[in-house]
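Try each task before you read its solution.

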Amino acid sequence: MSREAKKLGRGVAVVGAGMSKFGSFADKTSRDLFVEAFQAMAKSVDKGIETKDIEALYVGNFSSDLFENQGHIAPIMADWIGLVPKPATRVEAACASGGLALRTAFIAVASGLFDIVVASGVEKMSNLPTEKVTDTLAAASDALYEAVCGFTFPGLYAAIATAYMAKYGATPEDFMRVGIKNHKNGALNPKAQFNKSIKDLMNSRIEKAKQKGEPTPTWHDELEFLKDPAANPVVAWPMRLFDCSPITDGAACLLLVAEDLAKDFSNAPLHIIGSGHATDHALPEREDMTTISAARVAAKQAYDMAGVTPKDIQIAEVHDCFTIAELVAIEDLGFFKPGGAYMATREGVTARDGAKPINTSGGLKSKGHPVGASGIGQVVESWAQMRGEAGPRQVPGKDIRLALTHNVGATGGTCVVHIFERR
């Protein structure tokens, strides 16, 4: 057996999952959001959980230091949920902080060090004006070779998008279709930041123009709306406003236990059967900007550990911080051949009722992207879908036994992949 496929000491299961509402909350701190997520997680545990039984806390967080002027955030979160003096650890990996917090917690339980732990993530981003948020996020890029040249993340992902278009023949409309799909899913998610489809947003703009006595827009469909620079301005071509994930506040929590304890907590636990983590070069050093090698390596590690293939995965939550990122992700994960993702999206394969549903939660694009919490939020959606608890956005006609989450930091310097099984 290769080192990548080596099994860890014992199995680990998710027996609880919850998240706060994602959005922009001027009246809430990260502590408030974290408590909200923790309480939702505790409520989801079928047979209950006593806080005193939790042995450790892992908190994914990118930069509370800059967003809230608050460092050392893990013990503060532990205090607010009554976990002191149990160990609490902050995990930072840019936008993959949540995914890496999950992996760290997973290893802690699989190793036998702990039996019951919480993996979580939190970010409170809306305290700062947009330009300051942009600067804070840019701190996750390469300060010597990317940020110093004026690149922010919309620009970096725009470079990936133009490379993808040049290599495979995709168009800006193909990126728009990703956003349309994810907003359609997010409209069904009560925890999502944007609970409206692109069509809803378009019709709202039309109605407002009528009420104000202004010229009524004549958009015939969502694509026409998204191609209108007045409604959807260019941020960094070909990325427009609706190609970008929003500034988001939010938190999410998971309860992980040793596999042999799972039935003591849950009637339908999710078993973590695969985990992978890899790193990549900064964008200027890559030979091919249309793929993230860290995602391919992390995915292979997870598939090998789980003993499954991409074809076996029934649903996936992937890191769509920008619409181009979803297309790159589902190719890197092996769901589609290189250059094949945009055609699959055109054909509805990745829709909620398609053959390979992607981002049923609405993804980062519609659900929101509180960067430290996003990787954990992806698992909350997997929990709901695999247990048949996703309500109106439940994937139709599938008995979901295998799901995957894919969480990326920056432009792929970090990637974490997890695979879950319901037995």
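A residue counts as buried when its relative accessible area is under 20%, as exposed when that value is over 50%, and as partly exposed in between. Keep in mind that you are working with a predicted model.

**Exercise 1. Aromatic pairs**

Task: Find out how many aromatic pairs the whole structure holds, then classify the geometry of W219 with F225 and of F225 with F242.

Solution: 
- Step 1. Searching the whole structure gives five aromatic pairs.
- Step 2. For W219 and F225, the ring centres lie 4.8 Å apart and the planes meet at 80 degrees, so this pair is edge-to-face. The cut-off behind that label is an angle over 60 degrees.
- Step 3. Both W219 and F225 are buried.
- Step 4. F225 also pairs with F242, in a tilted arrangement with 6.0 Å between centres and 55 degrees between planes.
- Step 5. This second pair links distant parts of the chain, 17 residues apart: F225 sits in helix α9 (residues 222-226), while F242 is in the loop between β6 (239-240) and β7 (249-258).
- Step 6. With a relative accessibility of 0%, F225 counts as buried, and F242 is buried too, at 13%.

Elsewhere, Y164, Y168 and Y342 make up one aromatic cluster.

**Exercise 2. Salt bridges**

Task: Take the salt bridges D174 to R346, R422 to D399 and R423 to E421, and describe the surroundings of each partner.

Solution: 
- Step 1. The whole structure contains 20 salt bridges.
- Step 2. Between D174 and R346, the closest N and O atoms are 2.6 Å apart. The two residues are 172 positions apart and link distant parts of the chain, with D174 in helix α7 and R346 in helix α13 (residues 341-346).
- Step 3. D174 has a relative accessibility of 1% and is therefore buried, whereas R346, at 39%, is partly exposed.
- Step 4. R422 and D399 meet at an N to O distance of 2.3 Å. This bridge also links distant parts of the chain: R422 lies in the segment after β11 (414-421) and D399 in the loop between α15 and β10 (402-409), 23 residues apart.
- Step 5. R422 is buried at 15% relative accessibility, and D399 is partly exposed at 44%.
- Step 6. The side chains of R423 and E421 form a salt bridge with 2.9 Å from N to O. Here R423 is exposed at 54%, and E421 is partly exposed at 24%.

To extend the exercise, look at D46, R387 and E389, which are linked in a network of salt bridges.

**Exercise 3. A charged patch**

Task: Which residues gather in a patch of positive charge on the surface, and where is K196 found?

Solution: 
- Step 1. The residues in the patch are K196, R205, K208 and K212.
- Step 2. K196 belongs to the loop between α7 (172-186) and α8 (198-211).
- Step 3. The relative accessible area of K196 is 41%, so this residue is partly exposed.

**Exercise 4. Backbone exceptions**

Task: Inspect the peptide bonds V84 to P85 and W237 to P238, then the phi angles of N359 and A410.

Solution: 
- Step 1. V84 and P85 are joined by a cis peptide bond with omega of about 15 degrees. P85 lies in the loop between α3 (73-80) and β3 (88-91).
- Step 2. The bond from W237 to P238 is cis as well, with omega near 5 degrees. P238 is in the loop between β5 (234-236) and β6.
- Step 3. N359 is not a glycine, yet its phi is positive, about 60 degrees. N359 is placed in the loop between α13 and α14 (363-367) and is buried, at 0% relative accessible area.
- Step 4. A410 has a positive phi too, near 60 degrees. The loop between β10 and β11 holds A410, which is buried at 12% relative accessibility.

**Exercise 5. A contact across the sequence**

Task: How many residues apart in sequence are W383 and G16, and how far apart are they in space?

Solution: 
- Step 1. W383 is part of helix α15 (residues 374-386) and counts as buried at 3% relative accessibility.
- Step 2. W383 and G16 are 367 residues apart in sequence, while their C-alpha atoms are 8.2 Å apart.

Notes:
Residues are numbered from 1 along each chain as its sequence is written. This is a predicted model: local features need pLDDT of at least 70, side-chain atom pairs count only at pLDDT 80 or more; totals for chains, interfaces and linings use all residues. Side-chain values use heavy atoms; hydrogens and water are left out. Patches are made of residues with over 30% relative accessible area and no salt bridge: like charges are joined within 9 Å, nonpolar side chains (Val, Leu, Ile, Met, Phe, Trp, Tyr) within 5 Å. Accessible areas come from the Shrake-Rupley method with a 1.4 Å probe; for residues, only the protein chains shown count as cover. A salt bridge is a side-chain nitrogen of Lys or Arg within 4 Å of a carboxyl oxygen of Asp or Glu. Lys and Arg count as positive and Asp and Glu as negative; His and the chain ends are not counted. The place of a charge is taken as NZ of Lys, CZ of Arg, CG of Asp or CD of Glu. Helices (H or I, at least four residues) and strands (E, at least two) are DSSP runs, numbered from the N terminus. Buried means under 20% relative accessible area, exposed over 50%, partly exposed in between (1.4 Å probe, protein chains only). Rings of Phe, Tyr and Trp (its six-membered ring) pair if their centres lie within 6.5 Å; planes under 30 degrees apart count as stacked, over 60 as edge-to-face and the rest as tilted.
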